[in-house]
Amino acid sequence: MKNILVVGAGGQIGSELVPFLRKQYGANNVIAADIDEDKCKKLSEGPWEKLDATDGNRFLEIVKKYKIDTIYNMVALLSATGEKNPELAWKINMGALENSLNIAKEHNCAVFTPSSIGAFGPTTPKDNTPQDTIMQPNTIYGVCKVSGELLSNYYYQRYGVDTRSVRFPGIISNVTLPGGGTTDYAVEIYYEAIKKQQYTCNLQKGTFLDMMYMPDAVKACVDLMEANPEKLIHRNSFNISAMSFDPEMIGDEIKKHIPEFNMDYNIDKVKQTIADSWPNSMDDNCAREEWGWNPQFNLAAMTIDMLEKIEEKHQ
Ligand code: AKB
C-alpha cells in the first residue's frame with residue numbers, strides 16, 4: 001500500500017485528486033497538504049497538514065511523519081497570474097518542485113508534477129503538436145514548466161528518482177474554480193450560463209486550445225503513476241488531450257441545452273497573447289501507446305455533466 005502526499009491539495013486539480021486517490025488507496029494513506037488551512041479542512045475525511053511547499057524543513061517533517069513514498073506536487077501559480085508577478089511565480093512553482101525532488105531523492109519517493117500546454121510557445125508547431133518539439137515559451141509559467149520537465153528528467157537520469165508528468169491542457173471542473181489561468185473561461189462559461197444565461201468571453205472566436213474534463217485528468221495522474229516503468233520511453237512530460245475547441249464551439253454546445261444562452265466578447269489582451277502562443281491541439285499518441293491514455297469525455301459529454309452538476313448545486 002502506498003503512502004501518498006498531495007501538496008497544493010486545495011487547488012483546482014488537488015481538491016478532486018485527493019478524494020480520487022483516497023478511494024483507490026484508502027483515506028488514511030493519502031495526506032492532503034496546502035498552504036490554506038481552510039482548503040485542507042475541506043479534505044478532512046483523511047489526514048491533512050498545513051504546508052507552504054517552499055518551506056523545505058516543514059515539507060520534510062511531513063514526509064517523515066507519514067513515511068511518504070509518493071508525492072503529487074500540484075502547487076502552481078497559473079499563467080495569467082504569473083505574468084502579474086513573475087518573481088513570485090518562479091519562487092513558488094520552482095521552489096515547490098525543487099523541494100519535492102530533493103526530498104524524493106533522499107527518501108526514495110516517486111514524484112508526479114503536472115506540466116502544461118504552457119510549456120510550448122509561439123515557435124512550436126500549432127496543430128497536432130508533437131510530443132518532442134520546439135519548446136520556447138514566453139510566459140514565466142511556461143519557463144517554469146519547461147525547467148520543471150528538464151529538472152525532473154535530470155533527477156530521474158542522475159539520481160534514479162521516479163519522476164513522471166503530463167502536459168495538461170485547460171482543465172474543466174465543477175468542484176473548485178481555477179484561478180488566474182488563461183483557460184479559465186471554459187469553466188466560468190458553464191457557471192454563468194446557468195446563473196445568467198449570458199457570458200462575456202475574454203478570448204476571441206477561433207482561439208483553439210486543448211481541454212480536458214476533470215475525471216479524465218485525475219485518472220491520468222494515477223494511471224501514469226501506476227504505469228509499468230519499463231514501458232515508459234518518455235517521462236517528463238507526456239502530451240495529453242481530450243478535446244480541442246474555441247469559445248464559439250463551447251458556446252454552441254451550451255446553447256443545445258440552454259437555447260436562450262447568449263455570448264459576447266471582451267478580449268483580455270494578456271490572456272489572448274498567451275493563448276495565441278499555445279498549441280491549437282496536441283498529438284498525445286505517446287501517452288496512448290506508453291501507458292494507455294484514453295480519455296472518456298468529449299465536449300458534448302462534458303457539457304451535459306457540467307450543466308447537470310452545477311444545476312444540482314444551485315438547487
Ligand atoms: C492556465 O491556463 O494557466 C492553465 C494551464 C493550461 O496550464 N490552465
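1. A residue is taken to be near a molecule or strand if its C-beta atom, placed from the backbone, lies within 6 Å of it. There are 13 residues around the ligand, and L78, S79, S116, G181 and T182 come nearest. By class, this shell holds six nonpolar, seven polar and no charged residues. Here Ala, Val, Leu, Ile, Met, Phe, Trp, Tyr, Cys and Pro count as nonpolar, Asp, Glu, Lys and Arg as charged, and the others, Gly among them, as polar.

2. The model is predicted: local features need pLDDT of at least 70, side-chain atom pairs count only at pLDDT 80 or more, and totals for chains, interfaces and linings use all residues. Residues are numbered from 1 along each chain as its sequence is written.

3. The largest nonpolar core has 91 residues; such a core is a set of buried Ala, Val, Leu, Ile, Met, Phe, Trp, Tyr and Cys residues joined through C-beta atoms within 7 Å. L5, V6, V7, A32 and A33 have the most contacts inside this core. Its largest share, seven residues, is supplied by helix α5 (residues 86–107). Helices (H or I, at least four residues) and strands (E, at least two) are DSSP runs, numbered from the N terminus. In soluble globular proteins, nonpolar side chains tend to be buried together.

4. Leaving aside neighbours within four places in sequence, V6 is in contact with G14, L17, V18, L21, V30, A32, A33, Y72 and M74; contact requires the C-beta atoms of two residues, placed from the backbone, to lie within 7 Å.

5. Three strands form an open sheet of mixed pairing, in the order β9-β11-β13. From one strand to the next the twist averages 40°, with axes as lines fitted to C-alpha atoms, for helices over the stretch in contact, and angles running from 0 to 180 degrees between N-to-C directions. Strands β11 (residues 209–213) and β13 run antiparallel and are joined by three bridges; two strands pair if DSSP finds at least two bridges between them. The bridge partner of D210 in β13 is S244.

6. Most residues other than glycine have a negative phi, and most peptide bonds are trans. A cis peptide bond joins N236 and S237, with omega about 25°; S237 is found in the loop between α8 (214–226) and β12 (238–239). The phi of N128 is positive, near 55°, and this residue lies in the loop between β6 (115–116) and α6 (140–159). Q197, in the loop between α7 (185–196) and β10 (198–201), also has a positive phi near 55°.

7. A residue is buried if 20 or more other C-beta atoms lie within 10 Å of its own, exposed if 12 or fewer, and partly exposed in between, with C-beta atoms placed from the backbone.

8. D52 lies in the loop between β3 (48–50) and α3 (56–65) and is partly exposed, with 18 other C-beta atoms within 10 Å. Beyond neighbours within four places in sequence, D52 is in contact with I35 and R58. The C-alpha atoms of D52 and G95, 43 residues apart along the chain, are separated by 10.0 Å.
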